[in-house]
Amino acid sequence: MDLLNTLVDKGLRRELPTREEALAVLATSDDDVLDVVAAAGKVRRKWFGRRVKLNYLVNLKSGLCPEDCSYCSQRLGSKADILKYTWLKPEQASQAAAAGLAGGAKRVCLVASGRGPTDRDIDRVAGTIKAIKDENENVEVCACLGLLSDGQAERLREAGADAYNHNLNTSEATYGDITTTHTYADRVDTVSKAHAAGLSACSGLIAGMGESDEDLVDVVFALRELDPDSVPVNFLIPMEGTPLAAEWHLTPQRCLRILAMVRFVCPDVEVRIAGGREVHLRTMQPLALHLANSIFLGDYLTSEGQAGKADLEMIADAGFEVEGAGDVTLPEHRVTAGGGCGSHAGAGCGSHEDAGCGSHEGGGVCGTAAPAVAASTVNEARTDLVAVRRRGAGTDLAPNA
Ligand code: SF4
């Protein structure tokens, strides 16, 4: 296919596809999905080989958020039966992180629900970062605490944070349909603050909220413009008790096309499969490793993922290898240019979610709001695959890692 040959050539040269080319990837048929994966896989291997970076989420503070992000199970007023708890103590967070690191993760993503941190919250998180780094010398720490005020990104950097995650989630045009308590511009501002403070920026999206192909291309092009080191791609987990609970629009093939499009637009960036991997890709997860070079190990913020052991077996069976602490995640040209996720210098984080962080969400859902755009299809609801997290941080049970 001429389209795919063109996109491979561009990806190998780090050249931006046109909007039309990105849209054409999303418009390919299911019959062509293996060709699309093979093409984007060439770009993935050029910049990241067969390495898969593992990231581990620690939900520092769960639920009871005053914001109204419609995809989020943690919003105040959410009817989703998730765990709700206030700030973990540094030693509790460090213990949870240790499980993920023992399972092979090289990055810990510290996430807290809320509009954004107070200065006292930054102190708390600084203590947690210290507790984790005192025990694990080479660990990368990403914070995901919501909207940042002036000076907070610098304080996190001084405290030892390597990265900051805040997702754009969806296109600017539809952002107001998803959330009303803050704006798309607020989110862009926080990503810019993280960048300016020398943190590795991590920012991504949530697919499956009823958005159009144009919305998906818009948000991915906007992310490319912001130039994050890592881009988490969340697939909405329509949790019961949330406004988007009926939004089942994704098929495994659609997820693969979305990941391929992101890879072509952001060829040399850490593309992470975030929330919804097990729910929407299902048995096609191994194919997605040919597109993304990063995943979360184990559970998400408010929902459970497949067993960490199954993640590791999947990576090995598909012919990939877990990225080691000594490996640098990003290609050399990005590391030397500054930032440098996966480098140990300025890693880039992930998400908040079950879907994506930076939102603080992804999978879950909260309170209100209609889907952004009427979707053309509703696929089979796989509620049987959605499990609220009942283990790990905030419980007495061992984490999944
Ligand atoms: S995504 Fe974050 S800010 Fe939005 S409701 Fe969820 S926890 Fe609150």
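Why does cysteine 142 count as buried? Cysteine 142 counts as buried because 31 C-beta neighbours lie inside 10 Å. (A residue is buried if 20 or more other C-beta atoms, placed from the backbone, lie within 10 Å of its own, exposed if 12 or fewer, and partly exposed in between.) This is a predicted model, in which local features need pLDDT of at least 70, side-chain atom pairs count only at pLDDT 80 or more, and totals for chains, interfaces and linings use all residues. Residues are numbered from 1 along each chain as its sequence is written.

**View 1. The annotated binding site.** An unreviewed UniProt entry places the feature "binding site" at Cys109, Cys142, Cys202 and Arg272. These residues are spread over 164 residues of sequence, yet they cluster in space, with a largest C-alpha distance of 13.9 Å. Such annotations may be inferred rather than shown by experiment.

View 2. Cysteine 142 belongs to strand 3 (residues 140–144), and cysteine 202 to strand 5 (residues 200–202). Strands (E, at least two residues) and helices (H or I, at least four) are DSSP runs, numbered from the N terminus. Cysteine 202 is buried, since 36 other C-beta atoms lie within 10 Å.

**View 3. The contact of helix 9 with helix 10.** Leu216, Val220, Phe221 and Arg224 in helix 9 meet Ile258, Met261, Val262 and Val265 in helix 10; residues are in contact if their C-beta atoms, placed from the backbone, lie within 7 Å. By class, this contact has 7 nonpolar, no polar and 1 charged residues. Here Ala, Val, Leu, Ile, Met, Phe, Trp, Tyr, Cys and Pro count as nonpolar, Asp, Glu, Lys and Arg as charged, and the others, Gly among them, as polar.

How values were computed: Two residues are in contact if their C-beta atoms, placed from the backbone, lie within 7 Å.
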